[in-house]
Amino acid sequence: MKDEMTLFQNHVSEKGLKRSVKRDRILHAFLKAKRHLSVQDLSDLVQSKYPEIGYTTVYRAMKLIVSSGLAEKVDFDDGVKRFERKVGREYHSHFICTSCGHHFEVFDKSIERLSQKLCKENTFQPQKHRLEIFGLCKRCH
Ligand SMILES: [Zn+2]
Ligand SMILES: [Zn+2]
């Protein structure tokens with residue numbers, strides 16, 4: 001997590017911004033959470049410990065976290081923008097239940113290997129790839 005904090009600080013100063021304790025707390029909470037968070041989720045999480053940090057501050061910090069490359073947006077087709085940690089995470093797929101919204105991650109290297117093989121065969125330089133499967137979970141079908 002220390003490397004990620006450093007990467008973020010470099011990004012912040014490149015943007016000509018000053019380091020802020022509030023922003024550091026938000027990043028720390030995001031990195032520690034280990035799940036997909038919307039800005040609202042993150043804001044609730046941060047406010048449970050630091051009630052003085054408002055939603056707008058969290059919103060702006062999240063934008064910076066994404067532009068620094070530490071997080072990326074995940075879209076589960078339910079109108080909620082969520083973010084997940086990007087650095088230091090293994091390749092994984094998302095399974096999303098379209099009925100109850102339950103979602104989980106599956107780690108399987110064979111999908112990643114297949115994608116690499118297909119890219120190679122088609123002389124394609126991949127930037128990102130993730131398998132997202134929408135359907136019904138155990139409880140809903
Ligand atoms: Zn379900
Ligand atoms: Zn994920």
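Tutor: Buried means a relative accessible area under 20%. The model discussed here is predicted.

Student: Why is S93 called buried?

Tutor: S93 has 1% relative accessibility. The cut-off is under 20%, so S93 counts as buried.

Student: Where is S93 placed, and which residues is S93 in contact with, leaving aside its neighbours within four places in sequence?

Tutor: S93 belongs to strand β4, residues 93-97. With those neighbours set aside, its contacts are F104, E105, V106, I111, R130 and L131.

Student: How many aromatic pairs does a search of the whole structure find?

Tutor: The search finds 2 aromatic pairs.

Student: What makes the pair of Y55 and Y59 stacked?

Tutor: The ring centres of Y55 and Y59 are 6.5 Å apart, and their planes stand at 25°. Pairing asks for centres within 6.5 Å, and stacking for planes under 30 degrees apart.

Student: Why are Y55 and Y59 separated by about one helical turn?

Tutor: Because Y55 and Y59 are 4 residues apart in helix α4, residues 55-67.

Student: What makes the pair of F95 and F104 stacked?

Tutor: The planes of the F95 and F104 rings are at 20°, with the centres 5.2 Å apart. The angle is under 30 degrees and the centres lie within 6.5 Å, so the pair of F95 and F104 is stacked.

Student: How do you know that F95 and F104 are partly exposed?

Tutor: Partly exposed lies between the limits of under 20% for buried and over 50% for exposed. F95 has a relative accessible area of 27%, and F104 has 37%, so each counts as partly exposed.

Student: What class do Y55 and Y59 fall in by relative accessibility?

Tutor: Y55, at 38%, is partly exposed. Y59, at 40%, is partly exposed too.

Student: What makes α2 roughly perpendicular to α3?

Tutor: Helix α2 (residues 21-33) and helix α3 (residues 39-49) pack at an angle of about 110°, with their axes 10 Å apart. Angles of 65 to 115 degrees count as roughly perpendicular, so α2 is roughly perpendicular to α3. Their crossing is right-handed.

Student: Which residues make the contact, and which classes do they belong to?

Tutor: From α2 come I26, A29, F30 and A33, and from α3 come L42, L45 and V46. By class, the contact of α2 with α3 has 7 nonpolar residues, with no polar and no charged ones. Ala, Val, Leu, Ile and Phe are among the types that count as nonpolar.

Terms used:
Residues are numbered from 1 along each chain as its sequence is written. Chains are lettered from A and ligands numbered from 1 in the order in which they are written. This is a predicted model: local features need pLDDT of at least 70, side-chain atom pairs count only at pLDDT 80 or more; totals for chains, interfaces and linings use all residues. Side-chain values use heavy atoms; hydrogens and water are left out. Rings of Phe, Tyr and Trp (its six-membered ring) pair if their centres lie within 6.5 Å; planes under 30 degrees apart count as stacked, over 60 as edge-to-face and the rest as tilted. Helices (H or I, at least four residues) and strands (E, at least two) are DSSP runs, numbered from the N terminus. Buried means under 20% relative accessible area, exposed over 50%, partly exposed in between (1.4 Å probe, protein chains only). Axes are lines fitted to C-alpha atoms, for helices over the stretch in contact, and angles run from 0 to 180 degrees between N-to-C directions. Angles under 35 degrees count as roughly parallel, over 145 as roughly antiparallel, 65 to 115 as roughly perpendicular and the rest as oblique. A crossing is left-handed if the near helix is turned anticlockwise from the far one by less than a right angle, and right-handed if clockwise. Contact means heavy atoms within 4.5 Å.
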